[in-house]
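Subject: Structure for your review

Hello,

Here is the structure we discussed, with notes on what turned up in it. Please open it alongside this message.

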Amino acid sequence: MITFNRSQLIEAEFPDEETIRFSGVQEDHIYNMEIGMEVRIADGEILAIQGLMKRYTNPVCPAAVPVLQTAVGISLREEGWDRRVMREIGRNGCEHFAEIIIECGRCFDQARLSKELLEALQQDPALDQEQFVESWAENHPEIRSA
């Protein structure tokens, strides 16, 4: 019998050529929290962030929402960005919010690749997708250092 289940869902969209907009949700039978985050594609910098607590354990939890603004300016390309998010958002605000931000950040390069693969397939439906992915990875050295 399952007594606990936690789900995380991350979505990414591209409102323009310079930005990825992430939506992240973490939910279990105790918590339900959401993050909306805009990230600059060129350098991975978090440009804007919002949070929503739909279900939480105590009345102090919503005080973590304003703490999210300390994530603005963090680059998903900087060394140790995930530890910084956990330290600045998780410890000073809400660890669940930090977990969602980190998962969005882990999806950064996959979202970029997916967008470019879709565009390439629209141009050439017979495209060798495996070769495209290999070539994309070779041409994006920043993903190896992230």
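Helices (H or I, at least four residues) and strands (E, at least two) are DSSP runs, numbered from the N terminus. By that rule the elements run β-β-β-β-α-α-α-α-α from the N terminus on. That makes five helices and four strands in the chain.

Some ground rules. This is a predicted model: local features need pLDDT of at least 70, side-chain atom pairs count only at pLDDT 80 or more, and totals for chains, interfaces and linings use all residues. Residues are numbered from 1 along each chain as its sequence is written, and side-chain values use heavy atoms, with hydrogens and water left out.

**Overall**

The C-alpha trace spans about 55 × 40 × 25 Å along its principal axes. The chain has 146 residues, of which 35% count as buried. Buried means under 20% relative accessible area, exposed over 50% and partly exposed in between (1.4 Å probe, protein chains only). Contact means heavy atoms within 4.5 Å. Take the contacts between residues at least 6 apart in sequence: 45% of them join residues at least 24 apart.

**Cores**

A nonpolar core is a set of buried Ala, Val, Leu, Ile, Met, Phe, Trp, Tyr and Cys residues joined through side-chain atoms within 4.5 Å. The largest one holds 30 residues. Ile35, Met37, Ile46, Val85, Ile89, Phe97 and Ile101 touch the most other members. At least two residues come from each of S2, S3 (32-40), S4 (46-55), H1, H2 and H3 (108-123). H2 gives the largest share, six residues. Apart from this core lies another, of five residues, including Leu113, Leu117, Ala120 and Phe132.

Then look at Thr19, in strand S2 (residues 19-27). Thr19 is buried, at a relative accessible area of 8%. Not counting residues up to four places away in sequence, Thr19 touches Glu13, Phe14, Glu38, Val39 and Ile41.

Axes are lines fitted to C-alpha atoms, for helices over the stretch in contact, and angles run from 0 to 180 degrees between N-to-C directions. The classes are: under 35 degrees roughly parallel, over 145 roughly antiparallel, 65 to 115 roughly perpendicular, the rest oblique.

**H3 and H4**

Which residues make the contact between H3 and H4? The axes of H3 and H4 (residues 129-138) come within 11 Å and cross at roughly 130 degrees. The pair is therefore oblique. H3 supplies Asp109, Arg112, Leu113, Glu116, Leu117, Ala120 and Leu121 to the contact, and H4 supplies Gln129, Phe132, Val133 and Trp136.

Best wishes
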